Amino acid sequence: PDLGENIASVWVAPEEGTWCLQEVDVQRVDAEGKGGKMQRFACGALLGEPPARDTAVELRPTATASTSTDTSTPTFTPAPSNANFTDEEREVLARLGVEEYRRRRRKAALIDAALVGSGAGVLAFAVPSLAPAYAFGGAVGATYLALLGLGVDAIGDEGMGPISRVRRVLGAPPVRLALVGAATVLAVTYGDDEMSQTLARLAAGAGGFFCYKL
């Protein structure tokens, strides 16, 4: 719908959960799809269920940009932030961020395991010779995903204890690359199959490996 040349304010109310709303950007687009004025509504507050203080918020424009020809790189005038977190809210934001990261990490691991397990099961009936390669690739992918998680955990960890050191070493990119390289060499040198069988095994292993990205 046409909201007019300028928007005086917008209301935002999460349907459920607790959210940290940073900002809302609204851009006017003409009939030819070209962007015009863009308005930014800054917030920076917790909304929704407790510990958020408000279930909804009214935001007024804090910046305006003109993007008559380029809709991808608007230039905003400086605008003050409406963020006004208490110490308790900052603590809650940090905790929610960690909990969300851990939830997504568990979900990714479960999805990866389900895809690898189901794919290996299907191949065991359809093409039994490729099932081990697919499962092997899936195991390498799961290990790669775990090492990637250690690398993320190591960010900002400057501890000198043995756990911190092991986390930084195992989470380093060269370790992950070495894992993939060793797995590829092992897959190529395993068995005395013809080249076509080797390529098929590599393809199956790659399919199992990349399940961690889904």
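Begin by selecting the second largest pocket, whose volume is about 320 Å³; a pocket here is an open set of points on a 1 Å grid over the protein atoms alone, where a 1.4 Å probe fits and protein lies on both sides within 12 Å along at least five of seven lines, and a volume is the space filled by probe spheres set on the points. The elements that give two or more residues to the lining of this second largest pocket are β2 (18-29) and α1 (87-126), where helices (H or I, at least four residues) and strands (E, at least two) are DSSP runs numbered from the N terminus. Twelve residues line the second largest pocket, lining residues being those with an atom within 4 Å of a point, and T18, W19, L96, E100 and R103 lie nearest its centre. Helix α1 gives the most to this lining, with seven residues. By class, the lining of the second largest pocket divides into four nonpolar, three polar and five charged residues, with Ala, Val, Leu, Ile, Met, Phe, Trp, Tyr, Cys and Pro counted as nonpolar, Asp, Glu, Lys and Arg as charged, and the others, Gly among them, as polar.

Before going further, note that this is a predicted model, in which local features need pLDDT of at least 70 and side-chain atom pairs count only at pLDDT 80 or more, while totals for chains, interfaces and linings use all residues. Residues are numbered from 1 along each chain as its sequence is written, and side-chain values use heavy atoms, with hydrogens and water left out.

Now colour the whole protein by secondary structure, which comes to five helices and five strands, following the pattern β-β-β-β-β-α-α-α-α-α along the sequence. Of the 214 residues, 26% count as buried, that is, under 20% relative accessible area with a 1.4 Å probe and protein chains only.

Next, select L47, which sits in strand β3 (residues 35-48) and is buried, with a relative accessible area of 1%. Leaving aside residues up to four places away in sequence, L47 touches V12, P14, G17, T18, W19, L21, A52, D54, A56 and V57, a contact meaning heavy atoms within 4.5 Å. A distance drawn from L47 to V12, C-alpha to C-alpha, gives 8.7 Å for two residues 35 apart in sequence.

Among the buried residues of α2 are A133, Y134, Y144 and L147.

From there, go to R176 in helix α4, which counts as buried at 11% relative accessibility. Apart from residues up to four places away in sequence, R176 touches Y144, L147, L148 and G171.

Finish at the largest pocket, with a volume of about 450 Å³. Of the 21 residues that line this largest pocket, A133, F136, A187, R201 and G205 are the closest to its centre. Helices α2, α4 (173-189) and α5 (195-209) each supply at least two residues of the lining of the largest pocket, and the largest share, six residues, comes from α5. By class, that lining has 14 nonpolar, five polar and two charged residues.

Methods:
Buried means under 20% relative accessible area, exposed over 50%, partly exposed in between (1.4 Å probe, protein chains only).
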